[in-house]
Amino acid sequence: MTAAPDTWSPSVNHALQWAGGLATLGGRDGTVSPDDLFLGLLLAHPDEEGEVWCFLAHFDLTARDLLPDDYPAIDHEALQVAAAAAPSTPDPERWDAEVSGVLAEAGTPSGTARVADVLASVLTLTTWIDRLGTAISRSGVSAGQLVPHFREECVRELKPDGPRRAGLQIRDWLAERYPRRRATMPSFSNDRPEPSADFIGVGEEADAFAYLIASKALVPPLAVGMFGSWGSGKSFLMARIRQRVEQLSALAAAADAAAGARTGTAAGAPGGDTAGATQVWPNVVSVEFNAWQYVETDLWAALLARIFEQLSPEARRRLSEFSRVRERAESDRQAALEEVTQAEEVVKERDTAARTALEAAEAARQAESQVAQDAEQVRAR
């Protein structure tokens, strides 16, 4: 049984429209799942006083913490287009069984289901209780206790016409019922060097290497080897060089930008005045590669993959978009192939029917000819 659309608040209708857009972008058949509905509820009131936002913020969570790992990344512009294309009136035919059950149970004494009511109903699903329990276990809170308390004590008592928004009422209830307590963390020191604390006096050497590496006068390739016993400070020196190169690059970028602003030429633009240009490259990317992590694989392939991964985040983003487009194209191709197969079957059926009709017509013609011959013989007699 599914609640009628007139029993939902406008915000829930808006959330269902977002959910429909998410289901379309998910590469599925457009069926709205509880995951899509949860994100739709978040997008219905996406500000810091929204119901879902306040619930997540209390436990220092994001929506990604509660979604499965294979839930696709959503591009904001594509989502806007998909949501705008989704029907303004919710279509129950596109909901899976769990979403229909959630909306059916999200009723209130007043008869109007709000965003908070639907959120509480989503959290009662077994899958979501498990996810929530894993996410808030670090806060010392049991999802098995929180979910029914949240639904019966908080959501049922919300005052939609009160002076405070529903999200703020949820935040106040959580702060009182499940207050966050400070955790006492023991002090520790990890094995990663902190380049800002030079206790071994290698600052001058690090500066020299950094200026050499970032210098525009350097003609690559350049290889620098560091040799020393365990604990002698090799990792610290490399970290200090990396930090110093980043500082020099940032200073060079700022200086080039200021020079370009004074001369009216963009920094680094061809033909610009280079009289005051710095002698250090303004954009140096540091790529860290630990060969021990790849001893069981092809080191050269791993090194190249690591370099491209660090150098081109924009290319990785475009590759992800290309993968999504390719998946959609493959899905469309499969659908087209199915349509072609069905059309071919229809053509075969019609060809068979046509051949059968021709054979019947030929048999009728032969029978007619035989009847004519018999009639002629009768007339002759």
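**Close-up views of a predicted helical chain**

View 1. Glu376 and Arg379 are joined by a salt bridge, with their closest N and O atoms 2.5 Å apart; a salt bridge here is a side-chain nitrogen of Lys or Arg within 4 Å of a carboxyl oxygen of Asp or Glu. This is a predicted model, in which local features need pLDDT of at least 70 and side-chain atom pairs count only at pLDDT 80 or more, while totals for chains, interfaces and linings use all residues. Residues are numbered from 1 along each chain as its sequence is written, and side-chain values use heavy atoms, with hydrogens and water left out. Both partners lie in helix H14 (residues 313-380), 3 residues apart, which is about one turn of the helix. An α-helix has 3.6 residues a turn, so residues three or four places apart point the same way. Glu376 counts as partly exposed because its relative accessibility is 43%, whereas Arg379, at 60%, counts as exposed; buried means under 20% relative accessible area, exposed over 50%, and partly exposed in between, with a 1.4 Å probe and protein chains only.

View 2. Because Arg165 lies in the loop between helix H9 (143-154) and helix H10 (166-177), and Asp47 in the loop between helix H2 (34-44) and helix H3 (51-58), the pair ties together parts that are 118 residues apart in sequence. Arg165 counts as partly exposed at 34% relative accessibility, and Asp47 also counts as partly exposed, at 30%.

**View 3. The pair Asp172 and Arg164.** A salt bridge links Asp172 with Arg164, the closest N and O atoms being 2.9 Å apart. Asp172 has a relative accessibility of 34% and therefore counts as partly exposed, and Arg164, at 36%, counts as partly exposed. A search of the whole structure finds 10 salt bridges.

**View 4. The largest nonpolar core.** This core has 53 residues, of which Phe55, Val118, Leu132, Leu146 and Phe150 touch the most other members; a nonpolar core is a set of buried Ala, Val, Leu, Ile, Met, Phe, Trp, Tyr and Cys residues joined through side-chain atoms within 4.5 Å. Helix H7 (residues 115-123) supplies the largest share of this core, with 7 residues. Leaving aside residues up to four places away in sequence, Phe55 touches Leu119, Leu123, Leu132, Leu146, Phe150 and Leu174, where contact means heavy atoms within 4.5 Å. Another core, of 11 residues, lies apart from the largest one and includes Val202, Phe236, Ile241 and Ala252.

**View 5. Helix H1 and its buried residues.** Helix H1 covers residues 10-25, and at 1.5 Å a residue its 16 residues should span 22 Å, which agrees with the 23 Å between its end C-alpha atoms; the expected span is 1.5 Å times one less than the number of residues. Its buried residues are Val12, Ala15, Leu16, Trp18, Ala19, Gly20, Gly21, Leu22 and Ala23.

**View 6. The chain as a whole.** The chain holds 14 helices and 0 strands, where helices (H or I, at least four residues) and strands (E, at least two) are DSSP runs numbered from the N terminus. Of its 381 residues, 28% count as buried. Among the contacts in the chain with a separation of 6 or more, 69% are between residues 24 or more positions apart.
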